[in-house]
Amino acid sequence: MLTFNLKKKWFNKIKNGEKTHEYREVKPYWTTRISNHFGYLLCDIDDLKNGNIYYPTFKDIILKMGYTSEKIYARVVSIKIIDGKNTDLKINKPVYDIEFKLIKEKINE
């Protein structure tokens with residue numbers, strides 16, 4: 001299961017419904033983890049970089065507050081690569097934009 005550890009501030013914004021996108025810098029670590037979880041090949045990353053959007057079918061993730069046991073479950077709606085300047089990360093580099101919807105049911109971890 002793909003798990004995202006978050007700072008308390010971002011975890012609470014997600015929990016309250018204020019935040020529906022998670023951003024991670026495009027690096028080999030995240031490329032591998034995202035590719036393995038969503039089942040597409042690393043070569044498909046070029047498609048994302050060219051502005052294409054990946055729509056996974058019923059792939060769930062876990063959003064966790066730091067390294068505590070508090071978790072939120074979410075279903076990924078889409079993944080794309082965008083410029084990180086206007087995201088929570090505020091970096092001038094490409095980032096994965098992972099859009100999700102919260103789900104109530106617990107998922108198999």
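**Figure 1. Strands β1 and β3 side by side.** In this predicted model, β1 and β3 run parallel and are joined by five bridges. The side chains of β1 alternate along the strand.

**Figure 2. The largest nonpolar core.** Here we turn to the 22 residues of the largest nonpolar core. Phe4, Ile34, Ile61, Leu63, Ile79 and Tyr96 are the members that touch the most other members. Two or more residues come from each of β1, α1 (8–15), α2 (28–38), α3 (45–49), β3 (60–65), β4 (71–83) and β5 (94–103). Of these elements, β4 gives the most to the core, with five residues.

**Figure 3. Aromatic pairs.** The model holds three aromatic pairs. In one of them, the ring centres of Tyr29 and Trp30 are 5.2 Å apart and the planes meet at 85 degrees, so this pair is edge-to-face. Trp30 counts as buried, because its relative accessibility is 11%, and the cut-off is under 20%. Another pair is formed by Phe38 and Tyr54, with centres 6.4 Å apart and planes at 70 degrees, so it too is edge-to-face. This pair links distant parts of the chain: Phe38 sits in helix α2 and Tyr54 in the loop between α3 and β3, 16 residues apart. Phe38 is buried, at a relative accessible area of 4%, whereas Tyr54 is partly exposed, at 23%. Do also look for the cluster in which ring pairs link Phe4, Tyr29 and Trp30.

**Figure 4. The largest pocket.** About 170 Å³ of space lies in this pocket. Its lining is made up of Asn5, Leu6, Lys7, Trp10, Lys19, Glu22, Tyr23, Arg24, Asp88 and Leu89. By type, the lining residues divide into four nonpolar, one polar and five charged. β1 (2–6) and β2 (21–25) each supply at least two of the lining residues, and β2 gives the most, with three.

**Figure 5. Lys90 and its backbone.** Lys90 is found in the loop between β4 and β5. The phi angle of Lys90 is near 55 degrees, a positive value in a residue other than glycine. For context, most residues other than glycine have a negative phi. Lys90 is exposed, with a relative accessible area of 62%.

Methods:
Residues numbered from 1 in each chain as written. Predicted model: local features only at pLDDT ≥ 70, side-chain atom pairs only at ≥ 80, totals over all residues. Heavy atoms only, no water. 1 Å grid on protein atoms, 1.4 Å probe; cavity = no way out; pocket = protein on both sides within 12 Å on 5 of 7 lines; lining within 4 Å. Points joined across faces, edges and corners; volume = space filled by probe spheres on them. Helix = DSSP H or I, 4+ residues; strand = E, 2+ residues; numbered from the N terminus. Nonpolar A, V, L, I, M, F, W, Y, C, P; charged D, E, K, R; others polar. Core = buried A, V, L, I, M, F, W, Y, C linked by side-chain atoms within 4.5 Å. Buried < 20%, exposed > 50% of the residue type's maximum accessible area, 1.4 Å probe, protein only. Pairing = 2+ DSSP bridges. Phe/Tyr/Trp six-rings, centres within 6.5 Å; stacked < 30°, edge-to-face > 60°.
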